[in-house]
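Subject: The model we talked about

Hi there,

Have a look at it first, then read on.

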Amino acid sequence: MIQLFSEITLNDIGKCWWKWASRGEMTQAGFQVPPGFVLTSEAYGQERSIWEMATLDAFDSLWCKFVAVRSSGTKEDGIEDSFAGQFETYLYITRDQLIEKIIECHNSLNSPRIMTYCQSKNIDRNQIKVAVVIQKMINSDVAGVGFTVNPITHNTDEVMLEAWLGIGEAVVSGMITPDNYIINKKTGFIEKNISTQNLKITLNIENGGTREEKIEDALGKKQKLSDEHIREITELAK
């Protein structure tokens with residue numbers, strides 16, 4: 001029921017689903033993926049006593065204080081359907097909170113938004129299982145997303161990066177607009193669209209979880225990702 005990223009391949013899609021099977025492949029290929037593990041869909045519906053101790057032992061093996069706890073449903077990121085953002089995600093979770101949050105991830109299948117989406121798409125919820133991913137939490141200065149092909153123009157000679165201060169949820173929630181960089185793979189030329197950012201989401205050091213933090217005007221107007229980092233990430237994308 002427990003699989004480390006270092007053990008997961010695309011052969012495990014049926015238990016971990018696409019996103020995390022790919023994360024395992026990236027780990028084994030030598031990319032700098034924060035370590036983690038998956039409580040596979042085999043645990044879904046099982047008594048907590050069956051998987052609890054193994055999960056806590058796997059947490060201890062990460063040697064960290066905070067983890068991200070993310071749901072991974074059977075139908076996520078499919079060709080016809082997308083449950084992106086509908087299952088639960090919890091950030092900066094401690095060992096003491098871990099089991100409770102896993103149960104909440106499992107229970108998110110019964111949330112009103114999931115039930116409504118399944119009804120609108122004529123999806124049988126009884127056919128969906130939930131895996132839960134536990135990953136070392138990075139308290140990032142800058143977060144972002146990278147596309148190996150320009151997703152707007154479909155130009156295969158370009159990489160598109162977006163970046164913002166703090167962790168990723170600020171963009172997912174629509175709180176801020178990120179910087180946008182388009183890089184020519186052949187020439188290295190960087191086209192930049194710099195956005196002003198007034199708020200960021202970061203670690204709540206006292207209690208765990210996240211908090212919003214204001215950003216000074218001068219910092220919020222600056223380029224969020226340095227040219228050096230843009231080039232480094234472009235090489236990873238290529």
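Glu104 has a relative accessible area of 26%, so this residue counts as partly exposed (the class between buried, under 20%, and exposed, over 50%, with a 1.4 Å probe and protein chains only). Glu104 pairs with Lys101 in a salt bridge, with 3.7 Å between the closest N and O atoms; the term stands for a side-chain nitrogen of Lys or Arg within 4 Å of a carboxyl oxygen of Asp or Glu. Lys101 is buried, because its relative accessible area is 16%. Both residues belong to helix 4, three residues apart, which is about one turn of the helix. Helices here are DSSP runs of H or I with at least four residues, strands are runs of E with at least two, and both are numbered from the N terminus.

Before you go further, please keep in mind that this is a predicted model: local features need pLDDT of at least 70, side-chain atom pairs count only at pLDDT 80 or more, and totals for chains, interfaces and linings use all residues. Residues are numbered from 1 along each chain as its sequence is written, and side-chain values use heavy atoms, with hydrogens and water left out.

Helix 4 has another charged pair to show you. Arg95 joins Asp60 in a salt bridge at 2.8 Å, N to O. Since Asp60 sits in helix 3 (residues 48-61) and Arg95 in helix 4 (residues 95-107), the pair ties together parts that are 35 residues apart in sequence. Asp60 is partly exposed at 34% relative accessibility, and Arg95 is partly exposed at 32%.

How many salt bridges does the structure hold? The count is 10. Among them are a network that links Lys200, Arg211 and Glu213, and a pairing of Lys238 with Glu235 at 3.2 Å, N to O.

Next, a charged residue on the inside. Asp179 is in strand 8 (residues 179-184) and is buried, with a relative accessible area of 1%. Its side chain makes a polar contact with the side chain of Tyr181 at 2.7 Å, and the side chain of Asp179 also reaches the backbone nitrogen of Lys224 at 2.8 Å. A polar contact is a pair of N or O atoms within 3.5 Å; within protein, one must be able to donate a hydrogen and the other to accept it, and residues adjacent in sequence count only if both atoms are side-chain atoms. Leaving aside neighbours within four places in sequence, Asp179 is in contact (heavy atoms within 4.5 Å) with residues including Leu161, Asn193 and Lys222.

On the cysteines, the structure holds zero disulfides (pairs of cysteine sulfur atoms within 2.5 Å). Cys16 is buried at 0% relative accessible area, and Cys64 counts as buried at 19%.

As for the whole chain, there are eight helices and 11 strands. Of its 238 residues, 42% count as buried. Among contacts between residues at least 6 apart in sequence, 61% join residues at least 24 apart.

Best wishes
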